[in-house]
Amino acid sequence: MRTPFFAGNWKMFKTVAEATAFANAFVEDVRGVDGVDLVLAPPFTAIHALAGATQGSRVAVASQDVYWEKEGAFTGEVSAGMLVEAGARYAIVGHSERRRLFGDSDAWVNRKARAAMSAGLVPIVCIGETLEEREAGQTFDVLDRQITAGLDGFAGSEVAGLVLAYEPVWAIGTGRNATPEQAGEAHAHIRQRLRQWFGAEAAEGCRVLYGGSVKADNIAALRGQPDVDGALVGGASLDPKSFAAIVRNGR
Ligand code: PGA
């Protein structure tokens, strides 16, 4: 059985003070909720403070990105080792906003995921099709490309330990979530590909999250799909009560 997994992606929201206040409230709100993995991904600036504020709780901290080099003349970038030292345990890579706004390619996603894993961070690798791709009937092709390129060189045992997030780009921040059937179909496809390309251990161990306009009132139906292991939540993770309600309704 895969442990349900809920991650909040705060994007470019929350100062250190706001992140700490969130943590204090959220840790209380989810006290006694067990059997789930809970992760918060703040901006880089709040990682250390949030790791301190959640220490001893079941809440872990993720970065929203990572660079693959260890150190050097790479202005603006942060290495996996630096993130570990700051208190992160997970690293989101390949979010569609990174791909669309900052040019992250599948090859970069692969290098970032590899660097994260080598440093001891669990990669949360985001994949998903645009509206145009869905309407052109290319959804599965896009997912296949993102999985093969993004996870190139990973062993089955490594894939078993990482997290994938299926986030249809047209559902992110739009209020238009995929129907449970659309999510279920994509997740079943991803699971089948994991089995085919990385083996049974990978297919059975890898948590595959759904992301895109997840709310407290739609998470239960999404989780009703057998291959949806949890959620990567943007907007609705910014308020501790709302994110805690998603965790409770979706676990
Ligand atoms: P959203 O974002 O929940 O606000 O749609 C999801 C994400 O971008 O991870």
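Tutor: Keep in mind that this is a predicted model. Let's start with two helices: Phe 22, Ala 25, Phe 26 and Asp 29 in α1 meet Pro 240, Lys 241, Phe 243, Ala 244, Val 247 and Arg 248 in α12.

Student: Why are α1 and α12 called roughly parallel?
Tutor: Two packed helices are described by the angle between their axes and the distance between the axes. Here α1 (residues 16-29) and α12 (residues 240-250) pack at about 30°, with the axes 9 Å apart. Angles under 35 degrees count as roughly parallel, so α1 and α12 get that name.

Student: Which hand does the crossing of α1 and α12 have?
Tutor: Right-handed.

Student: Now the spaces. What makes something a cavity and not a pocket?
Tutor: It's about getting out: in a cavity a 1.4 Å probe fits but cannot get out, while a pocket is an open set. With a limit of 30 Å³ or more, the count here is one cavity.

Student: Which residues line the largest cavity?
Tutor: Gly 94, His 95, Ser 96, Arg 99, Cys 126, Ile 127, Gly 128, Glu 167 and Val 169. Helix α4 and strand β5 (122-127) each give two or more residues to this lining.

Student: How do you know that four residues of the cavity lining are polar?
Tutor: Gly counts as polar here, so Gly 94 and Gly 128 join His 95 and Ser 96 from the lining. The rest of the lining is three nonpolar and two charged residues.

Student: And how much space lies in the largest pocket?
Tutor: About 490 Å³. Of the 16 residues lining this pocket, Lys 11, Met 12, Gln 64, Arg 98 and Phe 102 are the closest to its centre. Helix α4 (residues 96-102) gives the most to the lining, with four residues. The lining splits into seven nonpolar, four polar and five charged residues.

Student: What is the volume of the second largest pocket?
Tutor: About 220 Å³. It is lined by 21 residues, and the closest to its centre are Lys 11, Gly 173, Ser 213, Gly 234 and Gly 235. This lining has eight nonpolar, ten polar and three charged residues.

How values were computed. Residues are numbered from 1 along each chain as its sequence is written. This is a predicted model: local features need pLDDT of at least 70, side-chain atom pairs count only at pLDDT 80 or more; totals for chains, interfaces and linings use all residues. Side-chain values use heavy atoms; hydrogens and water are left out. On a 1 Å grid over the protein atoms alone, a cavity is a set of points where a 1.4 Å probe fits but cannot get out, and a pocket is an open set with protein on both sides within 12 Å along at least five of seven lines; lining residues have an atom within 4 Å of a point. Grid points are joined across faces, edges and corners, and a volume is the space filled by probe spheres set on the points. Axes are lines fitted to C-alpha atoms, for helices over the stretch in contact, and angles run from 0 to 180 degrees between N-to-C directions. Angles under 35 degrees count as roughly parallel, over 145 as roughly antiparallel, 65 to 115 as roughly perpendicular and the rest as oblique. A crossing is left-handed if the near helix is turned anticlockwise from the far one by less than a right angle, and right-handed if clockwise. Contact means heavy atoms within 4.5 Å.
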